[in-house]
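User: I'd like to go through how some labels get attached to a structure. Can we start once it's on screen?

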Amino acid sequence: MATERLFDKVPYVYTFSAVVCASEEAGRNRFHVALNRTAFYPEGGGQPADRGTLAGLPVEDVQEKDGVIWHTLSAPLEVGTPVYGAVDEGCRWSNSQQHTGEHILSGLTCARHQCRNVGFHIGKEAVTLDFNTVLDWEDALMLEEEANRVIWRDVPVECFWPSQEELSRLPYRSKKELTGPVRIVRIEGADTCACCGTHVPTTGCVGQIKIIDRMNYKGGVRLSILCGDRALAYENAMAGEYRETGRLLSAKAGTHAEALRRLLGERDALKEQVARLSMTLFQAQAMALESDEIRVLEAREMAPASLCRAAGLLAKGARAALTLVPTENGCLFALCSETEDIRPAGKALCAAFQGKGGGSAGMVQGHLSPCSPDEAKRCLTAALAMEGSTR
Ligand SMILES: [Zn+2]
């Protein structure tokens, strides 16, 4: 037997009494319980299931199947017993705010841009609305302002079931073809839509609608919004973040971007300076190794882009020259020779230090797991000695 839906006619019934109609085991410590009537909204139409308690047990999920609403509990309830249910008011109110805000913004968007709302989901991070049209930020902000004006007018959110005849004369939005009685939600000046969700009684109760993101999505657009209490929490978090960045940048409100641009410019100039200095230091260290046949040098702070040039410098007049640039998880390397095919030695190096690399006879480049210049030099010397003996 279908469950009586207490939330359909009056959305702010939070506590209720009912009788248990069915109780089924649904896994380890999980039971599905059906009642003759319930105020728990089941997940559907983009809106999450209500939370709360039933017979003192936390309601973990609520789903509808063939008109029967099933409550997920950690213990079974005996069929025929009367029970008391309490829906989490804060959670329901917030979901109703998000849902009503969605109606206002979707209705206006579809009317202004002659498009369809093709997706809606109340998620943990944000409420997402998908439209089969392209909207830029300017369009989105105009719609946001118009939607908030509907909120400030504080008009009623009406829910009703028109007769088939009335319905045929009523222009309304719907995501799918509907059969049977259709529940219509009407917000004057904003939306008329078929919907089975919960809503706040007047638009003023939505508080505000804030669009927090806009992205191209499946050939259309996805708007991420927050309404009411969630919009306020978001704005408080952003304002806190803004105060903190202002403190870190020593910048007044309204000048953060300018201060950050200046800081990034300074960082880039310093990076270039470090690269120049590291090359100068490398050249001096390379000079000190001039009498060695096999040379290994670590170039800390050197930009990876300078590695080839540095390796070429170190290789002047050497049998083999290995330049190492430490990274987070090992080091980049360039192994050069002006006199012989260096690839076998490169292979030996990669084998010894779990590396990967490749290149030409004159230069092999790649990455090694962490190794000291001394370890690398011992490995390289051994590899070249072996080649010498087999030649
Ligand atoms: Zn709705």
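User: Which residues line the second largest pocket?

Analyst: Keep in mind that this is a predicted model. The lining is made up of Glu43, Pro48, Ala49, Arg51, Asp61, Cys91, Asn95, His121, Ile122, Gly123, Lys124 and Arg230. Helix 2 and strand 10 (117-122) are the elements that give two or more residues to it.

User: What is the volume of that pocket, and how does its lining split by class?

Analyst: The volume comes to about 230 Å³. By class, the lining has four nonpolar, three polar and five charged residues.

User: What makes helix 2 oblique to helix 3?

Analyst: Here the axes of helix 2 (residues 89-113) and helix 3 (residues 137-153) cross at roughly 125 degrees. Roughly perpendicular covers 65 to 115 and roughly antiparallel is over 145, so helix 2 ends up oblique to helix 3. The crossing is right-handed.

User: Which residues of helix 2 make that contact with helix 3?

Analyst: Helix 2 brings Ile104, Leu105, Leu108, Thr109, Arg112 and His113. Among the partners from helix 3 are Leu143, Ala147 and Val150. The contact residues divide into seven nonpolar, two polar and four charged, while the contact of helix 2 with helix 5 has no nonpolar, four polar and two charged.

Key
Residues are numbered from 1 along each chain as its sequence is written. This is a predicted model: local features need pLDDT of at least 70, side-chain atom pairs count only at pLDDT 80 or more; totals for chains, interfaces and linings use all residues. Side-chain values use heavy atoms; hydrogens and water are left out. Axes are lines fitted to C-alpha atoms, for helices over the stretch in contact, and angles run from 0 to 180 degrees between N-to-C directions. Helices (H or I, at least four residues) and strands (E, at least two) are DSSP runs, numbered from the N terminus. Angles under 35 degrees count as roughly parallel, over 145 as roughly antiparallel, 65 to 115 as roughly perpendicular and the rest as oblique. A crossing is left-handed if the near helix is turned anticlockwise from the far one by less than a right angle, and right-handed if clockwise. Contact means heavy atoms within 4.5 Å. Ala, Val, Leu, Ile, Met, Phe, Trp, Tyr, Cys and Pro count as nonpolar, Asp, Glu, Lys and Arg as charged, and the others, Gly among them, as polar. On a 1 Å grid over the protein atoms alone, a cavity is a set of points where a 1.4 Å probe fits but cannot get out, and a pocket is an open set with protein on both sides within 12 Å along at least five of seven lines; lining residues have an atom within 4 Å of a point. Grid points are joined across faces, edges and corners, and a volume is the space filled by probe spheres set on the points.
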